[in-house]
Amino acid sequence: MASIYIAQCYVKTYIDEIQRQLALNMVTIVSEEEAEKLLSSIKIPPRPAVIVEINREKSKEEPDLRRIAQIVSKDIALTASLLKTANSPFFGLRTKVENVQQAAMTMGLNNVLSIVTGLAIKNAVKTKELDMERFWDSAEKVANVAAYLSKRVPGVPKELAYMYGLFRDCGIPLMLQKFPDYIETLKKANAGSKSDFTRLEDDTHATNHATIGYLLAKSWSLPNPICQALLNHHDISILHSDDNISAEARGLIAIIRFAEFLCDTRQMQNDHDWDESGPVVLAYLGITEDELSDIKDAVFQYQEED
Ligand SMILES: [Fe+2]
């Protein structure tokens, strides 16, 4: 009985916190009512303990880098993934980093934390309905390419682009947990255009993976550009609209859409609406046809080396 009471209190506090955050930000886009309804029916995983512990140390007046390195290093799998990512050719570090402290000193603490937070989502979101290994493998490929492309957008560090790459579709496994027939929606969406994905979800389930991913990002206190980009990532028209969305969020949306196209091309998969969205994305990033060919070559080369 006591444990049920504690769980209820936790859910109440959790919803209150989300509502507080929504009230502070973007309340016009996801209403409190909608957020409450979704949060009471969809199981959004809490921030992993390692992220909570790191942020607690980071928020101190004088954060102890060694202490943060120790917290991350306790998780061997997370540390291995962090070092693999940091040393990937997409990140272009001049010297190889061999431990968490070295990574933090070379890349900067905040940048290392962006990568760690991105990697933490892989363990936090799971469903039996999907081959999660394949799902995260594909997300990681897109995230790596996004890190490389981030130099096209001022104010977007590669680590932030990488984190966004891993989070961008985290709402999909959560939709699968909630709706038994979502797998059919996913099949239809995969056969159609990316821009119709969320509309199809809305019509069938009265919500979509972009909204669910946004709510998760808010509950994990991710940076605002990530939250905004998650919510709008299937709407390429937002790149040239006057909506209340930051330049960094727009940049993230453009980078990811281009990264998806490059990964699809590499895997000989059809990117259904690239003919339509491609020119908009490339114009936003200031990429010419000649440059496109050079970028493709560089990305494919790095994917081979990685
Ligand atoms: Fe998506």
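Trainee: Which residues have the most contacts inside the largest nonpolar core?

Mentor: That would be V116, V145, A146, Y164, I255 and A259, in a core of 79 residues. A nonpolar core here is a set of buried Ala, Val, Leu, Ile, Met, Phe, Trp, Tyr and Cys residues joined through C-beta atoms within 7 Å. Keep in mind that this is a predicted model: local features need pLDDT of at least 70, side-chain atom pairs count only at pLDDT 80 or more, and totals for chains, interfaces and linings use all residues. Numbering starts from 1 along each chain as its sequence is written.

Trainee: Which helix gives the largest share of this core?

Mentor: Helix 15, residues 247-266, with eleven residues. Helices are DSSP runs of H or I, at least four residues, numbered from the N terminus.

Trainee: And what is I255 in contact with, leaving aside its neighbours within four places in sequence?

Mentor: A146, L149, S150, R152, V153 and A161. Contact means that the C-beta atoms, placed from the backbone, lie within 7 Å.

Trainee: OK, back to V116. Is V116 buried or exposed?

Mentor: Buried, because 27 other C-beta atoms sit within 10 Å. The cut-offs are 20 or more for buried, 12 or fewer for exposed, and partly exposed in between, with C-beta atoms placed from the backbone.

Trainee: Where is V116, and what is it in contact with beyond four places in sequence?

Mentor: V116 is in helix 7, and those contacts are I54, V72, L78 and L82. V72 is 44 residues away in sequence, yet the C-alpha to C-alpha distance is 8.1 Å.

Trainee: New topic. How do helix 5 and helix 7 cross?

Mentor: At roughly 125°, with the axes of helix 5 (residues 76-86) and helix 7 coming within 10 Å. Axes are lines fitted to C-alpha atoms over the stretch in contact, and angles run from 0 to 180 degrees between N-to-C directions. The pair is therefore oblique; under 35 degrees would be roughly parallel, over 145 roughly antiparallel, 65 to 115 roughly perpendicular, and the rest is oblique.

Trainee: Which residues make the contact?

Mentor: L78, S81, L82, T85 and A86 of helix 5, plus I115, V116 and L119 of helix 7. By class, that's six nonpolar, two polar and no charged. Ala, Val, Leu, Ile, Met, Phe, Trp, Tyr, Cys and Pro count as nonpolar, Asp, Glu, Lys and Arg as charged, and the others, Gly among them, as polar.

Terms used:
Helix = DSSP H or I, 4+ residues; strand = E, 2+ residues; numbered from the N terminus. Contact = placed C-beta atoms within 7 Å.
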